[in-house]
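Open the model in your viewer and keep the selection tool at hand. Each stop below says what to select and what to look for there.

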Amino acid sequence: MTYTVGEIAKKLNVAPSTLRYYDKEGLLPFVERSAGGIRVFHDEDMDWLELIECMKHTGMPIKEIKHFIDYCVEGDSRINERLSIIRNQRDRVLVEIEHLQARLSMLEFKTWFYEQAKANGTTSFYESLTPDDVPVEYHKYFERKWRADKEAAEKGESPKKYRAV
């Protein structure tokens, strides 16, 4: 079956102009043209297009995607280069996942925090919390406060007031 730019764009959930741009940048060497010069896509082109979209959404620059596509076109003599590009991008994605996990952890903590604040009617509820009152996975967010409270107690001072955010 064949598809127009508009039809394939709809299948990929991208703008038709995106596919035209990919073609202009040399990312679509397999694309055929009709007698009238219209781009014609086939079902098997979807594998290429989905990989291009995957690479793009993982932050790979168009120039790097172009290198990968060029290596694909060159054939099996470039398997090592293709593997290297894919491994490098996978490693970048794994690092990004770690960063996202850390951000998610902070958001999970803040969800817990504000649920507790809502239940207590104030964000000041945390001033008297001990490690036993806080889920273990959120201790890291209180360690600075608990350390400062301990140091103040050792000096005979009142605990420092923290501003909740």
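**Stop 1: colour by confidence**

This is a predicted model. Colour the whole protein by pLDDT. The average is 93, and 100% of the residues score at least 70. Now compare the elements. Helix H5, residues 79–120, has the highest mean pLDDT, at 97. H6 has the lowest, at 88.

**Stop 2: the loop between H1 and H2**

Select Asn13. This residue sits in the loop that joins helix H1 (5–12) to helix H2 (16–24). Is Asn13 buried or exposed? Its relative accessibility is 72%, so Asn13 counts as exposed; the cut-off for exposed is over 50%. Check its backbone too. The phi of Asn13 is positive, about 60 degrees, although the residue is not a glycine. Most residues other than glycine have a negative phi.

**Stop 3: H3 against H4**

Select helix H3, residues 45–57, together with helix H4, residues 62–74. Two packed helices are described by the angle between their axes and the distance between the axes. Here the axes of H3 and H4 come within 10 Å and cross at roughly 150 degrees. That angle makes H3 roughly antiparallel to H4, since the cut-off for this label is over 145 degrees. The crossing of H3 and H4 is right-handed.

Stay on H3 and pick Met46, which lies in this helix. Met46 has a relative accessibility of 11% and therefore counts as buried; buried means under 20%. Now draw a distance from Met46 to Glu157. The two are 111 residues apart along the chain, and their C-alpha atoms are separated by 68 Å.

**Stop 4: inside H4**

Next, select Ile65 in helix H4. How accessible is Ile65? Its relative accessibility is 0%, so Ile65 counts as buried. Ile65 and Val31 are 34 residues apart in sequence, with 16 Å between their C-alpha atoms.

**Stop 5: H4 against H5**

Which hand does the crossing of H4 and H5 have? The crossing is left-handed, whereas that of H3 and H4 is right-handed.

Now select Phe113, which is in H5. At 4% relative accessibility, Phe113 counts as buried.

**Stop 6**

Finish on helix H6, residues 143–154. H6 has 12 residues and reaches 16 Å from first C-alpha to last, close to the 16 Å expected at 1.5 Å a residue. Show the side chains of Lys145, Trp146, Asp149 and Ala152, the buried residues of H6. Look down the helix axis. The buried residues of H6 fall within an arc of 125 degrees, so they line one face of the helix. An α-helix has 3.6 residues a turn, so residues three or four places apart point the same way.

Turn to the other side of H6. Arg144, Lys150 and Glu154 are exposed there. Last, select Gly156, which follows H6. Gly156 has a positive phi, near 75 degrees.

Terms used: Residues numbered from 1 in each chain as written. Predicted model: local features only at pLDDT ≥ 70, side-chain atom pairs only at ≥ 80, totals over all residues. Heavy atoms only, no water. Helix = DSSP H or I, 4+ residues; strand = E, 2+ residues; numbered from the N terminus. Expected span 1.5 Å × (residues − 1). Buried < 20%, exposed > 50% of the residue type's maximum accessible area, 1.4 Å probe, protein only. Arc of directions from axis to C-beta. pLDDT = per-residue confidence, 0-100. Axes fitted to C-alpha atoms, helices over the stretch in contact; angles between N-to-C directions. Parallel < 35°, antiparallel > 145°, perpendicular 65-115°, else oblique. Left-handed = near helix turned anticlockwise from the far one by under 90°.
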